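Reader: I have a model open and would like to go through it piece by piece. Can we start with how the terms are set?

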Amino acid sequence: MVTLVRPSSKVCNDTPANVGPITIQWRGADSARTPGVRALALTDAQIPDRYLTMSDADLDRRIESARRTLGSDLVILGHHYQRDEIIKHADFRGDSFKLSQLAADRAAAKYIVFCGVHFMAESADILSSPSQQVILPNLEAGCSMANMAQPDDVEQCWTELTSMIDQPIVPVTYMNSAASLKAFCGRNGGIVCTSSNAVGVLRWALERGKKVLFFPDQHLGRNTALRLGYRQDDMQIWTPRRALGGHEAAEIQATTFILWLGWCSVHARFSTEQVRWVRENYPGVRVLVHPECKREVVDLADESGSTELIVKRVSESPPGSVWAIGTEINLVSRLANENPDKTIVSLDPVICPCSTMYRIHPSYLAWVLDELVDGRVVNRIAVDPDTTRWARVALERMLAIQ
Ligand code: 13P
Ligand code: SF4
């Protein structure tokens with residue numbers, strides 16, 4: 001049985017203003033998109049008009065034909081939150097950690113087309129060789145959480161912290177951040193983490209420092225520190241652009257974790273009421289959430305982990321298993337369709353896709369691939385050499401941790 005959403009399902013319309021409301025009807029294998037969705041996904045288009053009016057079948061044909069022409073020169077990476085119409089063309093799919101490893105390992109490919117968001121493409125550029133080129137099909141595909149940590153604000157925070165604290169502080173940035181912040185961590189004895197290795201990375205940081213500055217996702221920072229046995233009292237939230245992040249000096253001096261005031265608008269929606277509701281209505285359900293969810297949701301869930309862990313748990317579970325999943329809806333929908341012998345429900349009755357991941361539409365993929373076939377590289381993501389050097393230091397520290 002495939003049940004994706006509860007009968008009362010509504011549609012999320014609080015996506016960023018420049019995207020507009022996304023209306024999607026999700027019903028297991030028959031998920032249907034309203035005609036308006038495509039237009040909305042293409043709002044910021046800088047692509048030739050003909051790609052906007054091409055049929056889905058024509059777009060698929062162009063993409064497949066370009067893949068055949070480019071052969072081993074091309075690798076297409078797809079994050080788990082990408083829509084099915086993109087994932088079907090990806091050579092590999094994964095979470096941000098797995099995709100960064102793949103980008104580092106695919107030396108044969110001249111072009112890495114990254115179907116994900118901007119910070120992922122930047123990391124791929126940093127980790128791949130200088131002869132490779134990374135392409136993000138739609139340059140408008142960013143991450144609202146990554147934007148919550150602006151480099152100037154992090155520098156200001158660091159200046160304030162290091163001028164008042166004598167003990168070593170280790171900066172840790174979540175993968176969901178600008179390349180310049182990864183470089184900041186590389187230069188300052190810090191490291192990058194993803195949702196799949198945050199526990200190991202925080203251990204690494206605490207072996208080297210007495211305090212950790214964690215940005216931009218307060219929830220991943222808090223959930224991971226709690227997993228390591230720390231208490232809520234060991235953490236303080238840093239509010240950017242407020243003196244000492246909004247604290248007295250004594251509070252900052254006493255704390256172990258300084259957590260940036262950042263969050264993911266998709267994962268912040270999940271609530272304890274939703275977890276209770278699925279437990280009452282789906283006997284035997286296992287609740288599996290992403291660690292970007294709030295602490296109380298993670299506490300009530302059976303398990304939390306990266307998108308790759310969510311895929312693994314559900315795929316490896318026996319037929320008849322019942323899962324309620326707290327993560328982005330394209331992934332939940334795909335899991336439901338690919339596991340018809342299991343019951344898979346979204347924890348949130350209000351469907352809220354990641355609006356920036358959604359900006360990678362097949363029209364953009366077809367366009368960037370057609371351009372490559374014609375010998376032109378469009379939408380290249382190229383990080384400058386100094387940023388690359390230091391961001392690579394922080395990323396390689398992360399890749400060395402198992
Ligand atoms: P993963 O690394 O778990 O794929 O998460 C990336 C992300 O952006 C989650 O919102
Ligand atoms: Fe960023 Fe949230 Fe989208 Fe992940 S789901 S890419 S954290 S906005």
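Author: A residue is near a molecule or strand if its C-beta atom, placed from the backbone, lies within 6 Å of it. By that rule, ligand 1 is surrounded by His80, Asp95, Ser96, Phe97, Asn176, Thr194, Ser195, Cys264, His290, Glu292, Ser306 and Thr307. This is a predicted model, where local features need pLDDT of at least 70 and side-chain atom pairs count only at pLDDT 80 or more, while totals for chains, interfaces and linings use all residues. Residues are numbered from 1 along each chain as its sequence is written, and chains are lettered from A and ligands numbered from 1 in the order in which they are written.

Reader: How does the shell around ligand 1 divide into nonpolar, polar and charged?

Author: The shell of ligand 1 has 2 nonpolar, 8 polar and 2 charged residues. Ala, Val, Leu, Ile, Met, Phe, Trp, Tyr, Cys and Pro count as nonpolar, Asp, Glu, Lys and Arg as charged, and the others, Gly among them, as polar.

Reader: And which residues surround ligand 2?

Author: Ligand 2 has around it Val117, Cys143, Ser144, Met145, Asn176, Cys264, Val266, Glu292, Glu328, Cys354, Thr356 and Met357. That shell is made up of 7 nonpolar, 3 polar and 2 charged residues.

Reader: Back up a bit. How many helices and strands are in the chain?

Author: The chain has 17 helices and 17 strands. Helices (H or I, at least four residues) and strands (E, at least two) are DSSP runs, numbered from the N terminus.

Reader: What share of the residues counts as buried?

Author: Of the 402 residues, 47% are buried. Buried means that 20 or more other C-beta atoms lie within 10 Å of the residue's own; exposed means 12 or fewer, and partly exposed is in between, with C-beta atoms placed from the backbone.

Reader: Which residues have the most contacts inside the largest nonpolar core?

Author: Leu77, Phe114, Val172 and Ile191, in a core of 111 residues. The largest share of this core, 7 residues, comes from α16. A nonpolar core here is a set of buried Ala, Val, Leu, Ile, Met, Phe, Trp, Tyr and Cys residues joined through C-beta atoms within 7 Å.

Reader: What is Leu77 in contact with?

Author: Setting aside neighbours within four places in sequence, Leu77 contacts Ala90, Phe92, Leu99, Leu102, Ala103, Ile112, Phe114, Cys115 and Gly116. Two residues are in contact if their C-beta atoms, placed from the backbone, lie within 7 Å.

Reader: I see α5 near there in my viewer. Which residues of α5 are buried?

Author: In α5 (residues 96-105), the buried ones are Ser96, Phe97, Leu99, Ser100, Leu102 and Ala103. They pack against β4 (74-79), β5 (92-94), β6 (111-115), α6 (118-127) and α17 (385-399).

Reader: Now α3 and α16. At what angle do their axes cross?

Author: Roughly 35°, with the axes of α3 (residues 56-70) and α16 (residues 362-373) coming within 9 Å. From α3 the contact includes Leu59, Ile63 and Ala66, and from α16 it includes Leu365, Ala366 and Leu369. The residues of this contact divide into 10 nonpolar, 2 polar and 3 charged. Axes are lines fitted to C-alpha atoms, for helices over the stretch in contact, and angles run from 0 to 180 degrees between N-to-C directions.

Reader: Is Ile63 buried or exposed?

Author: Ile63 is buried, because 23 other C-beta atoms lie within 10 Å. Beyond four places in sequence, Ile63 touches His89, Pro362, Leu365, Ala366 and Leu369. Ile63 and Ala366 are 303 residues apart along the chain, yet their C-alpha atoms are separated by 5.0 Å.

Reader: What about Val311: where is it placed?

Author: Val311 is in helix α14 (residues 307-316). With 19 C-beta neighbours inside 10 Å, Val311 counts as partly exposed. Leaving out residues within four places in sequence, Val311 contacts His80 and Leu335. His80 is also one of the residues around ligand 1.
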